[in-house]
2 protein chains.
Amino acid sequence: MTAPGNAIAGTVEPMSLAVREALGGHRGANPLVGAVVTAPDGTVLATGFHRGRGTAHAEVSALERFAAASRIPQAGATLWVTLEPCDHFGSTGPCTEAILASGIRRVRYAVADPTGPDGGGAARLRRSGLDVEQLAPDATAASGADGLNPRWVQGRESGRPFVTAHLAQSLDGRVAAADGTSQWITGIESRRHAHAVRSRVDAIVVGTGTVAADDPRLTARNAAGQDLPLQPVPVVQGRRGVPGDAALRSGPKGGPRDWIHVLDHEPQAVLDRLAESRISWPHGGARPGHVLIEGGPTVLAAWLGAGLVDEMFVYQAPLVLGGGPTGLDLPQLTTLTQAVSLQLDLAENGALSRLGEDVLLHYAAH
Amino acid sequence: MTAPGNAIAGTVEPMSLAVREALGGHRGANPLVGAVVTAPDGTVLATGFHRGRGTAHAEVSALERFAAASRIPQAGATLWVTLEPCDHFGSTGPCTEAILASGIRRVRYAVADPTGPDGGGAARLRRSGLDVEQLAPDATAASGADGLNPRWVQGRESGRPFVTAHLAQSLDGRVAAADGTSQWITGIESRRHAHAVRSRVDAIVVGTGTVAADDPRLTARNAAGQDLPLQPVPVVQGRRGVPGDAALRSGPKGGPRDWIHVLDHEPQAVLDRLAESRISWPHGGARPGHVLIEGGPTVLAAWLGAGLVDEMFVYQAPLVLGGGPTGLDLPQLTTLTQAVSLQLDLAENGALSRLGEDVLLHYAAH
C-alpha cells in the first residue's frame, strides 16, 4: 500500500489510495470517505478517513495530519477526496471551512454528494477561488470510489436510515440448541463488537418473540458491563404484548426510558413509525440515521426479504449444534435462484476477522 | 516475522520460527513440520516446511535452500525442526540421510516421533556422531511445537487415517434450498479448493442419500474439469443400494473403478472396512492415510458426533437461503453444553480466507 512519503501519479492512483483509506471506516449513517493530500510532485503528504458519526470527516482528518507533518508550502498541495466535501453543520463543522482554513487551493473529488441541502461543497469552494474538479466518470470507476457507498446513497435518496443486521450463530447456522438454550453461543469478543455497534445506532429492533424468550436489556455496554454514553432506542416489532417488567423498559440507571412498540410485521411500517416519532435520537437529528436489527429469525428475515438490510455482521462460533433453530427464516424462498445474495464487505479493512475463538463475517447488500 | 538474514537467540525463538513455518503446510496424512537452519551467531540461513504427502519433508526443504543460499561453513550451522527427523523410506527418502549428506552436525528437535517403526531418527543421527538434542518440555511448549499435530499423533497411535470433512453452505447454514436445489451454492474457487483436497486423500465417504440425490462422480478435477493424476477411492456408507449406473462407479476414462460400499451407519465400521480392504490406495500404503467426508448431513454428523473428524473446511457462500436443509444433523445434541466444539485452524497460514465471493473457514478438532 502507498504510504506517506511515496510518490503517486495521475488521477486514478491518488484516488485509489483515498478509496483504500476510506475502507478503514465503518459503515453506518455516514458514508465511507477517504482523503489524501499530495505535493506537486505526487508525494503523499497525509491520508485520512472518516471514523464514523461525530468524528472528523476524512478530509479534515487528512488536513490535520498534513498540517502536523508537512514542511512544504500548502498552496502547492492537492486534496483528493472520494466524496464531494460537505458544506453543512452536522455534529462536526463543514469540511469546506476546514479546507479553506488549511490554505490548500486544489481539490479533486470523485463522487458528487447526492443530497441537496448537505451538498454544494464544490460550488462553495469554487466561489472562494479554489481549483476544484470532479474526476471524470472513468477515473472515478477505475479508483473504486463509486463502489464505496451504493446503499448509503440509495438510503439517503429514499430518506430512510441505514440498516445493519446482527446474526450470532454456530458454524452450522444455529442460533440456539434444540431445547432453546442460546447463552452464550459466541464469546466475549463477539459480544463486545456487537455492543460497539449498538452504541453507533439510533434504534435497535427486536421481535416480540425475542422479548418473550430472552428479555434483553438492549443497552450498549462496555467490556466491564457498564452502559456506554450513547444508548440506542429499543423498538419492539410484532403484535404480541411487551410485559410490564420487560428489561428493555428500564434506562441505564434503572429509570424509565423511551422505547417504541410497532404492532406490525412489515419493516416499512417500522421505518414509517420511526420517522414520525418525536423521540430524542441518541446521535441527533429529527429522524434516526442508523437502525440495527437484532432478531429473532422472523424479524431478521422480514427485513432481509424486503431488501432493507444494508450490511450484516455474522458472529460465528466454532461450535456444531446439529439441531435447533437457524437465524433466518424465509419460507417464501423455495429455490436456489431466489436466494438473497450479499457480498463480502471490505469496510473496516476486511470482511473476515477473528474475534477470540469466533469469526466475524461482514457482508454488504449489493 | 523473522526472515532469513535476521538473528535469533536461545532455543525457543528458532523453534517458534520453525513452528510458524510449519503452519504454511496443510493438514492431512502427514504432520505439519517446520524447520530452520541458523548460523552460530543466530542468523537465520534458511527455512522450510512440509508441503504434504509425496513432497520433501520440512528439514530437507530447509537444507536444500540452505545449500543453495549459504556461504558460511555448514559444519557451524544448526538445524531446528519441530518433529524428530524420520529415518524411514516413505514416498520420499529418509530425512536422516539428507541431514547426514548436508554436513550439518548440530540438530535440535521439539517433539519426538511417537511411531516406533518410522521414528528413531535422533538415535540414527547420534550414532553417526551428530550433536542431537530434544528441546526441554518447557521450551517445546513455549515454541508451540507440541500444539501443531495433536490429532495426527492421536490418529497414528490408534492406527486410523486422518479424517477431513467438507461443508459447503449458505451464510445461514443451508446446503440446499427448500426444493432441494443445491448446484451451485458456492463458487468456482471453492470447488477448485475442494477438488485439490480430494486429490490429497485416499478415500471420499458419502452417504447413500447423497448418491441418490446428486449422483456425484467423486473424482478430483482441475479448473478445466480434467481429472487430476491421483484419484480418491469412493466409499458409500449406508444401507440403501447404489444404482448400477451411478457416476461414482466409472473411473477417469469411463472404465471401471475400485469403490466400496459399507452397509453400516457407524463411522468406525467404515474405518474397519477400509483398513481390511486390499484396494490400491492412490497415495500408497496398505491402509488409507487420509479420508474425506463429503456428506450428506447425516453422514457428516455421524463422523463429527463420533469424534472422528480431525479438521473441517467450511465453504460459505454470501447467500441467504432462509429455508431448506442444514449441513449437519445431530438430533442427539439437545442443549448448548453438548455442542461439538472445534477451533480455528491456523494451518495453511490462517483459518480464514476469501475464495472468490465465498469464505473458507478452516476448523480443527481439539
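## Strands S1 and S2 of chain B

Strand S1 (residues 34-38) of chain B runs antiparallel to S2(B), and five bridges join the two. Strands here, like helices, are DSSP runs numbered from the N terminus: at least two residues (E) for a strand, at least four (H or I) for a helix. Two strands count as paired if DSSP finds at least two bridges between them. Within this pair, B:Val36 sits opposite B:Thr47 of S2(B).

A word on the source: this is a predicted model, where local features need pLDDT of at least 70 and side-chain atom pairs count only at pLDDT 80 or more, while totals for chains, interfaces and linings use all residues. Residues are numbered from 1 along each chain as its sequence is written, chains are lettered from A and ligands numbered from 1 in the order in which they are written, and side-chain values use heavy atoms, with hydrogens and water left out.

## The rest of that sheet

S1(B) and S2(B) belong to an open sheet of five strands with mixed pairing, in the order S2-S1-S3-S4-S5 (chain B). Which strands stand at its edges? They are S2 (44-49) and S5 (131-134) of chain B; each has a single partner strand, so one side of each has no neighbour in the sheet. From one strand to the next, the twist averages 15 degrees.

Helix H2 (residues 58-69) of chain B lies across S1, S2 and strand S3 (78-83) of chain B, at about 145 degrees to S2(B). The angles are taken between N-to-C directions and run from 0 to 180 degrees, with axes as lines fitted to C-alpha atoms, for helices over the stretch in contact. Contact means heavy atoms within 4.5 Å.

## The sheet in chain A

Chain A has an open sheet of five strands too, ordered S2-S1-S3-S4-S5 (chain A), with mixed pairing. S2 (44-49) and S5 (131-134) of chain A are at the edges with a single partner strand each, so one side of each is left without a neighbour in the sheet. The twist averages 15 degrees from one strand to the next.

Let's walk through part of it. Strand S3 (residues 78-83) of chain A runs parallel to strand S4 (residues 106-111) of chain A, joined by five bridges. A:Trp80 has A:Arg108 as its bridge partner in S4(A), and A:Val81 has A:Tyr109. S4(A) in turn runs parallel to S5(A), with four bridges between them, and there A:Tyr109 partners A:Gln134. Helix H1 (residues 12-22) of chain A lies across strand S1 (34-38), S2, S3 and S4 of chain A, at about 140 degrees to S1(A).

## Where the chains meet

How many residues of chain B are in contact with chain A? The count is 48, and they touch 48 residues of chain A. The area buried between the two chains is about 3,600 Å², with carbon and sulfur atoms giving 63% of that. Buried area is the accessible area (1.4 Å probe) that two parts lose on being put together, summed over both. On the chain B side, B:Leu171, B:Val320 and B:Leu336 lose the most area to chain A, together 18% of what that side buries. The interface has zero salt bridges, but it does have 23 residue pairs in polar contact (both at pLDDT 80 or more). A polar contact is a pair of N or O atoms within 3.5 Å; within protein, one must be able to donate a hydrogen and the other to accept it, and residues adjacent in sequence count only if both atoms are side-chain atoms.

Several strands of chain B each supply at least two residues to the side that touches chain A, among them S6 (162-170) and S15 (358-365). S13(B) gives the most, with five residues. Two bridges also join S13(B) to strand S12 (residues 319-320) of chain A, running antiparallel, and A:Val320 has B:Val340 as its bridge partner there.

A:Arg53 is in the loop between S2 and helix H2 (58-69) of chain A, and A:Asp202 in the loop between helix H7 (188-200) and strand S7 (203-207) of chain A, so the pair ties together parts 149 residues apart in sequence.

For the backbone, a cis peptide bond joins A:Gly295 and A:Gly296, with omega about 0 degrees. In chain B, the bond from B:Gly295 to B:Gly296 is cis, with omega near 5 degrees. B:Asp215, in the loop between helix H8 (208-214) and strand S8 (233-237) of chain B, has a positive phi of about 45 degrees although it is not a glycine.

Terms used
Salt bridge = Lys/Arg side-chain N within 4 Å of Asp/Glu carboxyl O.
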